[in-house]
Amino acid sequence: ITPPVAIAAFAAATVAGSEPMRTGYAAVMFGWSAYLIPFLFVVSPVLLMIGTTGQILGVTAATVAGVWAVSVGLAGWLFCATGTPTRILFIAAGAALLVPGTLFEGAVLLNLAGAAAAAALVFANRKRAAAG
């Protein structure tokens with residue numbers, strides 16, 4: 001799905017009658033996690049259910065939240081459209097959540113900071129959407 005050799009995306013663009021490169025970039029936006037998750041398996045075997053129940057639940061929840069936050073940042077939409085600074089902050093919060101909590105000693109604090117930032121961004125976006 002990666003441009004400029006995004007054969008499936010380019011074929012879909014032909015069928016849809018859209019621009020091939022734009023469709024390729026959209027495919028990357030939707031499929032980026034397929035590239036990242038295998039690397040997370042390597043650096044955090046907890047994602048493969050190797051560890052205590054608490055570790056498995058914590059790392060899995062942080063990873064899912066991280067993928068979600070980065071996806072919101074890439075898509076540029078949650079409850080309403082997000083501007084470039086907010087998108088960057090969502091991606092940064094998601095990246096902080098994607099650092100496995102078992103990777104190094106302070107990684108759990110990084111996860112908590114990412115979770116707090118993501119929650120604040122969601123709240124702000126929801127409030128902005130409600131304001132119209």
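The following exercises with worked solutions concern a predicted model.

**Exercise 1.** Determine how the span of helix α3 relates to the expected span.

*Solution.* Step 1: Helix α3 covers residues 53–75, that is, 23 residues. Step 2: The expected span is 1.5 Å times one less than the number of residues, which for α3 gives 33 Å. Step 3: From the first C-alpha to the last, α3 reaches 33 Å, close to the expected value. Step 4: Directly after the helix, Gly76 adopts a positive phi of about 75°.

**Exercise 2.** Identify the buried residues of α3 and the elements against which they pack.

*Solution.* Step 1: The buried residues include Ile56, Val59, Ala62, Thr63 and Gly66. Further along the helix, Val67, Ala69, Val70, Val72 and Gly73 are buried too. Step 2: An α-helix has 3.6 residues a turn, so residues three or four places apart point the same way. Step 3: The packing partners of these buried residues are α2 (20–43), α4 (84–98) and α5 (107–131).

**Exercise 3.** Describe the largest nonpolar core and state which element gives the largest share.

*Solution.* Step 1: Nine residues make up this core: Trp32, Leu40, Val46, Leu47, Ile56, Val59, Val67, Val70 and Leu98. Step 2: Two elements, α2 and α3, each give two or more residues to the core. Step 3: The largest share comes from α3, with four residues. Step 4: Another core, of five residues, lies apart from this one; among its members are Ala69, Val72, Leu78 and Leu121.

**Exercise 4.** Classify the aromatic pair formed by Trp68 and Phe90, and state where its two residues lie.

*Solution.* Step 1: The model has one aromatic pair. Step 2: The ring centres of Trp68 and Phe90 are 6.4 Å apart, with 85° between the planes. Step 3: Planes over 60 degrees apart count as edge-to-face, and the pair is therefore edge-to-face. Step 4: The pair links distant parts of the chain, since Trp68 belongs to helix α3 and Phe90 to helix α4, 22 residues apart. Step 5: Trp68 is partly exposed, at a relative accessible area of 40%, whereas Phe90 is buried, at 0%.

**Exercise 5.** Decide whether Thr82 is buried or exposed, and list its contacts.

*Solution.* Step 1: Thr82 lies in the loop between α3 and α4. Step 2: Its relative accessible area is 11%; because buried means under 20%, Thr82 is buried. Step 3: Beyond its neighbours within four places in sequence, Thr82 contacts Gly76, Trp77, Arg87, Phe90, Asn125 and Arg128.

Conventions:
Residues are numbered from 1 along each chain as its sequence is written. This is a predicted model: local features need pLDDT of at least 70, side-chain atom pairs count only at pLDDT 80 or more; totals for chains, interfaces and linings use all residues. Side-chain values use heavy atoms; hydrogens and water are left out. Buried means under 20% relative accessible area, exposed over 50%, partly exposed in between (1.4 Å probe, protein chains only). Contact means heavy atoms within 4.5 Å. Rings of Phe, Tyr and Trp (its six-membered ring) pair if their centres lie within 6.5 Å; planes under 30 degrees apart count as stacked, over 60 as edge-to-face and the rest as tilted. A nonpolar core is a set of buried Ala, Val, Leu, Ile, Met, Phe, Trp, Tyr and Cys residues joined through side-chain atoms within 4.5 Å.
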